[in-house]
Each structure stands twice: as C-alpha cells, then as structure tokens.
Amino acid sequence: MPRPATAVPAPLTTLLATRCGQRVALPPRLERLYGSLRVPSQRGRPCVFSNFVTTLDGVVSLNETGHASGGDISGFNAQDRMVMGLLRALADVVIIGAGTLGADSRHLWTAAAIFPSLAEDYRQLSAALGSSETPLHVIVSGSGTLDLGLPVFAAGKVQALILTTTAGAKHLLRQAVPASVEIRAIRTIRTPGRSGRAIPAPAILDAVCRVRPARRILVEGGPRLLGDFYAARLIDEQFLTLAPQIAGRAADDRRLSLVMGRTFAPDDALWGRLTDLRRGGSHLYLRYSFPGVPA
Ligand SMILES: NC(=O)c1ccc[n+]([C@@H]2O[C@H](COP(=O)([O-])OP(=O)(O)OC[C@H]3O[C@@H](n4cnc5c(N)ncnc54)[C@H](OP(=O)(O)O)[C@@H]3O)[C@@H](O)[C@H]2O)c1
C-alpha cells in the first residue's frame, strides 16, 4: 500500500510551462507547491490524461511482492505524491486496471488518500471546479476476479464502477455487491500483442461517460490498460515523473515499462510533444501532449 505523504514538500521549480488551455485557479498552497496549472480547453469530449512515475531506465513497476507500487519507483517522494493528489483532485473519474488495484489493494485513488495533509487544499480545488470531492473509481477487469471486500468497494467512501466481461460479471455476482459498486459487462475484442481478448478503450470511455458525465478523466494505469488507451489514441496528455534511480532488469525480466502488451514503433510510431517541465530535487516532472484520434 502506498505510504501517504505527511510533511508538505518544497515547491517545484518550473522550467517550462505550457501556455495552452485554460488556467486553473489553484488554492494558494497548491499554487505555491506546483506553480501555475493549465488544462486543455473543452472540446466536446472529456480530456483524458495519465500520470505515471518511471525510473531513468524505464521501469514503472519492480513487480516484486511488497515492492510493486509506484512508491518503490519514486522513492516515496512527497512532491510526486503532491502532483498525484493534484491530478486526482482535477479528475472527475480515475480509471485503473485490476493489476494496479492488486498492487495497492488497500488504497483509494483519491487526492486525500495520497496526501492527507493537503486534503483540504485538494477539496477546495475540486469544489472550485464544481467536481465531486472523490472521483468515480473505475476498475477494469476482464476476468472479474476482484475481491469486493476491498476498501475501494466496501468502505463506502467512493463510488466504484467495475467494467468487465459477461463472464466476469457472472463471477463477481457470486459475492455480495456493496451499494456503492456498479458492475457493467462490455464486449471484448481480440487484441494484438495481448494473449487474449480485451475490452476496447473507446468502450471503456463510453461506459464511463454514461455513468458519470466527465470533463477530465485520469488513467492511472497500469501499463496494460494504458497500452489499450494509447492504441486507441485516447490519451491526450501524459504526466510522467522521472525518478533518479536505475532499477535494472534481469535477462528474463518481469519488470514493467510504461506500456505493456502493445507495440507502436516502428510501424505505428507514437510521438508526444513536451509541453511542461518542472523540477523537484533530482526528480523531473514531465508533461507531454499526444495527437488524438484522427478526425
Ligand atoms: N509507476 C507508476 O506510476 C505505476 C502506475 C500504475 C501502475 N503501476 C504498477 O503497474 C503494475 C500493474 O501492471 P499491469 O499492467 O498488470 O496493470 P493493469 O493494466 O492495471 O492491470 C492489468 C489487468 O487489468 C485488467 N485489464 C486492463 N486492461 C484491460 C482491458 N482493456 N480489458 C479487460 N481487462 C483489462 C486485466 O484484468 P484481469 O486479469 O482481471 O482480466 C489485466 O490482467 C503494478 O505493479 C502497479 O503498481 C505503476
């Protein structure tokens, strides 16, 4: 489980700031810690953004028992957590895959859970944006092998939507379904690069928007879910913290990189544009925009 940050960190230094989009009026303490923040203007569909932390050698998960979380990658860095909280506070919806839930199974994907001592600042931001204090939590699982007793489902602190297959829904309905949980079954498609079938990312977004109309949707991963969103060209912005550690890989490694189960280069190369860069100590906070679905 990620350790919640407590001590408020030093402010980030802005090295490059995007001038695109609308400026968000941050509460004073968040403005001091992060600097100014702009988000893309509304374009008739929600803005979909992702946030990850990676090592210098491109590892996002050590994938080892007790060391599979993003905290092991960032060094449990307080500034990274402050940014995670900020992006969660901006989001109407947070989407994660079953693997990410499995790695941090006691966690809630709220701003307050990742940085409790900034909870009031995040709450003020959500309120100023007219958003719910807690984003809708969307969990994607083809198999439906989820424990509905986990806090994200059973604590009653967040609304959760499980997107699964018909077989997965049947499996889940063998458990008591808490009142805060909705389960929807979606058709899968055969997915190149993945061993089996997957729910297409456009169908995930469609189902999400039917349950909660959203302006900003945060995809927190993991790498397989993110790969499906990139394959559908549905990620508008990637926030990426570059943590100054080398994780290394064994020859037959299980360690994960940002995208797994999908390939892009060289046949379907996917290039982003750096729009924002901040520094906190030796960590860098990168932000890239990606071209959307061709019109
Ligand atoms: N460094 C970071 O910032 C960061 C961020 C996020 C996650 N992580 C790490 O990444 C690791 C998890 O990686 P992962 O690739 O396993 O994560 P994941 O994408 O969260 O989970 C994969 C699982 O989610 C379900 N899933 C994902 N996409 C699906 C789709 N399109 N259709 C149907 N089911 C789908 C499937 O569940 P079923 O098997 O139930 O069918 C699949 O096995 C963890 O260690 C986590 O801590 C790191």
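Is Thr164 buried or exposed? In this predicted model, local features need pLDDT of at least 70 and side-chain atom pairs count only at pLDDT 80 or more, while totals for chains, interfaces and linings use all residues. Residues are numbered from 1 along each chain as its sequence is written. Thr164 turns out to be buried, because 25 other C-beta atoms lie within 10 Å; the cut-off for buried is 20 or more such atoms within 10 Å of the residue's own, for exposed 12 or fewer, with partly exposed in between, and C-beta atoms are placed from the backbone.

Thr164 sits in strand S7 (residues 160-164). Helices (H or I, at least four residues) and strands (E, at least two) are DSSP runs, numbered from the N terminus. Setting aside neighbours within four places in sequence, Thr164 is in contact with Ser141, Gly142, Gly144, Ala169, Leu172, Ile183 and Ala185, where contact means C-beta atoms, placed from the backbone, within 7 Å. Asp276 is another story: 112 residues away in sequence, its C-alpha lies 35 Å from that of Thr164.

Now for the whole protein. It has 10 helices and 14 strands. Its radius of gyration is 18 Å, close to the 19 Å that the globule rule gives for 295 residues, so it is as compact as a globular protein of that length; the radius is taken over C-alpha atoms, and the rule is 2.2 Å times the number of residues to the power 0.38. The C-alpha trace spans about 50 × 45 × 45 Å along its principal axes. Of the 295 residues, 42% count as buried. Among contacts between residues at least 6 apart in sequence, 69% join residues at least 24 apart.

In soluble globular proteins, nonpolar side chains tend to be buried together. Here the largest nonpolar core holds 77 residues, of which Ile95 and Val138 touch the most other members. Such a core is a set of buried Ala, Val, Leu, Ile, Met, Phe, Trp, Tyr and Cys residues joined through C-beta atoms within 7 Å. Helix H3 (residues 78-90) gives the most to this core, with 8 residues. Beyond its neighbours within four places in sequence, Val138 is in contact with Val93, Val94, Ile95, Leu161, Leu163 and Val208.

Then there is the ligand. Of the 31 residues around it, Gly97, Gly99, Gly142, Gly221 and Gly222 come nearest, with a residue counted as near if its C-beta atom, placed from the backbone, lies within 6 Å. Elements giving two or more residues to this shell include strand S5 (93-97), helix H4 (98-103) and helix H10 (223-231). H10 is mostly covered, with 8 of its 9 residues buried, among them Arg224, Asp228 and Tyr230. After H10 comes Arg233, with a positive phi near 55 degrees.

Finally, the later strands. Strand S12 (residues 237-243) runs antiparallel to strand S14 (residues 283-289), joined by 6 bridges, and Thr241 stands opposite Tyr285 in S14. Pairing takes at least two DSSP bridges between two strands. Strand S13 (residues 273-280) is also antiparallel to S14, through 7 bridges, with Gly280 opposite His283 in S14. The hairpin of S13 and S14 has 2 residues between the strands, and there Gly281 takes a positive phi near 60 degrees.

Key. Contact = placed C-beta atoms within 7 Å.
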